[in-house]
Amino acid sequence: VILIICVVGTITLLFGFPIETFVLDDPKVLTMCKESGSNRDEIMDCDEHVVCDQHQVITDQWMPCSSALFGKRLGFVPEMNKDDVDIRVKAASSAQKTWKSSSFTQRNDVMRALLSFVLQNQRVLCEISSLDTGKTMVDASLGEIITTLEKIRWLIAEGESALRPEKRSTGPLTGLRSASVEFAPLGVIAAISPWNYPFHNLMNPLCAALYSGNALVLKPSEHSSWSTMIYAQALRQVLQSVGAPPDLLVVVTGGAEAGSCVVRHSLVDKVFFTGSTSVGKAVARLAADRLVPVVLELGGKDPFIVFDDADWTLARLLSARGVFQNSGQNCIGIERILVQESIYHRFIQDAKETIDALRVGGEIGSRILDVGAMTMGKKEVERIESLIQDAVQQGARVVCGGKLDSRSCEIYGGCYFQPTLLVDVDLRMRISQEEVFGPIMCVMKFKTEQDAVSIANTCPFGLGSSVLTADSKRADRVIRSLQCGMSNVNDYAVNYLCQSLPFGGTKMSGSDRFAGIEGLRGCCLMKSITRDRIPHVRFNIPNALRYPTSPNAFEISQYINFIIYQPGIMHKFNAFPHLLRMLIQPNYIPHTTLSTSRKHD
Ligand code: NAD
């Protein structure tokens, strides 16, 4: 027996707790794509109707979902109506009734199962995201997988301490009490998400909701619902495999109407909205009707400021990744590169070299592509082209790219945009103020530090930012002056890999935070609690202040305030005999005025 315990103990220490493996099968359409290899003509439109649970589907409307990678239909998901939403929110609410009292050990078990699921299925999870949204495998791995793994790791390591009751200080009047804040689950959390990272946009609110004892109702974008349904199917099974109710995760598919039914539902306790600024405002208005709290994670226009003493290789590498990751479709993508005058031309030369080498296209599982498809297709491309045109008319130059990549569109079937270098951009141009969300490197010139800050802040958005310089004092001055929620010195977006940090912006980029201690606590009802510090020992309310109050009750209260809060011992000392006398003689009111000036102390 001792030998067995030793062996199991050693294995556990070396490899962690054994967790049931859960292998995600390729969805039918993904298998078809892999089998047909690179011959796109052989891939047929798929008619499969995808649902992720056994709940009744009331609607008879089904939305077609198509692959951004090669333009073929992937299947259909229900366009849910009010009744469908009601069924799902109620299911989540009832699952949460048991989950809310789960222990941290149970929650950590769920996190470990999710971690294991993600690790074992990295390839297929990325392939599904790639097929649906058109991203490359590396973009999927960076945006969908690493971010998710880090979130789960942080929750297992620090989630419990973030949610444990927290002791707070007491004041002179409350010294006999103990004070604490406790974090209770809210109930049902709704997340309304965009299409850019369907797996992470599901896992991010799911992990936070489950860890804090809540259930999640997810309304994914209509442009990434196919992949979300498949992920949710598998995740519900993972939950079940560790004894958690699968209805802790339910998915509502549909467009704006389905989204607003979720926000309006009386059992939804909080809304996490991630998406565009205009829709964010509409969701905030709806949420205000019910006074349901809402976190808004909206658009961005992040500056990347390069000073002339910056590490050149770093500036070159990070600027390219920040602009072209996921074809520029990132909320914290680099939208404006501000380069100091003396290195401006060299920067442009090197950037052109990098961009010329980028390989555009869409292949399932391809290892040789750098820039994928435009998920939203031609309509978005027209908007981006018009932003470039407007800039060019006002003096900007297109050094390379600048339009739809018709050749790639023809070869691969999806919608592809040429990686673009647009230089000499200035503040008069729309492109310096509006979110692009595409593979466009916009370069602006600045002279001084003040210039850089002023250009960066002349923008309606304030999400993330980067400052590249060898001078740490200058870096500190700049980041403290930037109007935004997140800054990285000599790095890009790396704050999101520190999951202990809150994520969010200011101005038109939204309000409140997800992630980090703040985001996790944001999934909770924060309760302020006081208790007896020592049982049965407490301050008594003076007789004079009890009902019916004595004639000098106001003066007693006034003197108590004075004695406690007036700095300087002499004033307190002088006032004290009057207070004592008032407590004894209900009709006694002192004629002296209370002096509060320190000068006379
Ligand atoms: P979007 O605003 O068009 O849609 C977001 C979600 O809202 C979708 O699920 C959509 O169906 C739903 N929706 C639309 N109208 C609604 C309504 N009236 N009521 C309720 N729900 C409604 O955004 P998108 O095009 O999917 O995503 C791109 C945007 O998301 C970009 O602006 C990007 O910057 C932003 N984004 C922000 C973050 C962040 O964390 N700050 C992260 C990713 C994306």
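User: Which element gives the largest share of the shell around the ligand?

Analyst: In this predicted model, the largest share of the shell around the ligand comes from α9, which supplies three residues.

User: How many residues surround the ligand, and which are the closest?

Analyst: The ligand is surrounded by 26 residues, and the closest are K219, E222, S276, L298 and E435. Sorted by class, that shell holds 13 nonpolar, nine polar and four charged residues.

User: What about oxygen atoms of the ligand, how far is one from an N or O atom in the side chain of K219?

Analyst: For K219, an N or O atom of the side chain is 2.7 Å from an oxygen atom of the ligand. The side chain of E435 likewise has an N or O atom at 2.5 Å from a ligand oxygen, and for the side chain of W195 the corresponding distance is 2.9 Å.

User: And how much of the ligand's accessible area does the protein cover?

Analyst: On its own the ligand has 860 Å² of accessible area, and the protein covers 88% of that.

User: Which domains does the shell draw on?

Analyst: At least three shell residues come from domain 1 (2-298 + 518-528), and at least three come from domain 2 (302-497). The chain as a whole is divided into these two and domain 3, which spans 543-584.

User: How far apart are domain 2 and domain 3?

Analyst: Taken between their C-alpha centres, domain 2 and domain 3 lie 66 Å apart.

User: Switching to annotation, what does UniProt list for residues 71-529?

Analyst: The UniProt record, an unreviewed entry, lists residues 71-529 as "domain: Aldehyde dehydrogenase". Over that stretch the model is 44% helix and 18% strand, with the end C-alpha atoms 56 Å apart.

User: Now the sheets. What is the strand order in the open sheet of six strands?

Analyst: The order is β7-β6-β5-β8-β9-β19, and the pairing in this open sheet is mixed. Because β7 (249-251) and β19 (510-511) stand at the edges with a single partner strand each, one side of each has no neighbour in the sheet.

User: How do β5 and β6 run, parallel or antiparallel, and how many bridges join them?

Analyst: Strand β5 (residues 188-192) and strand β6 (residues 215-219) run parallel and are joined by five bridges. Within this pair, A191 stands opposite L218 of β6.

User: Which are the edge strands in the open sheet of seven?

Analyst: That sheet has the order β12-β13-β14-β11-β10-β16-β17, again with mixed pairing, and its edge strands are β12 (397-400) and β17, each of which pairs on one side only. Further in, three bridges join the parallel strands β10 (residues 302-306) and β16 (residues 466-468), with F304 opposite S466 in β16.

User: Last topic, backbone geometry. Where is the cis peptide bond?

Analyst: The cis bond joins Y547 and P548, with omega at about -10 degrees, and P548 lies in the loop between β20 (524-532) and α18 (553-565).

User: And what is phi of A493, positive or negative?

Analyst: A493 has a positive phi, near 60 degrees, although the residue is not a glycine. This alanine, A493, is found in the loop between β17 (488-489) and β18 (506-507). As background for reading both values, most residues other than glycine have a negative phi, and most peptide bonds are trans.

Conventions. Residues numbered from 1 in each chain as written. Predicted model: local features only at pLDDT ≥ 70, side-chain atom pairs only at ≥ 80, totals over all residues. Heavy atoms only, no water. Near = heavy atom within 4 Å. Polar contact = N/O pair within 3.5 Å; in protein donor to acceptor, adjacent residues only side chain to side chain. Areas by Shrake-Rupley, 256 points an atom, 1.4 Å probe, with all protein chains shown as cover. Helix = DSSP H or I, 4+ residues; strand = E, 2+ residues; numbered from the N terminus. Nonpolar A, V, L, I, M, F, W, Y, C, P; charged D, E, K, R; others polar. Domains from an automatic or database assignment. UniProt positions renumbered as here; feature names shortened; annotations may be inferred. Pairing = 2+ DSSP bridges.
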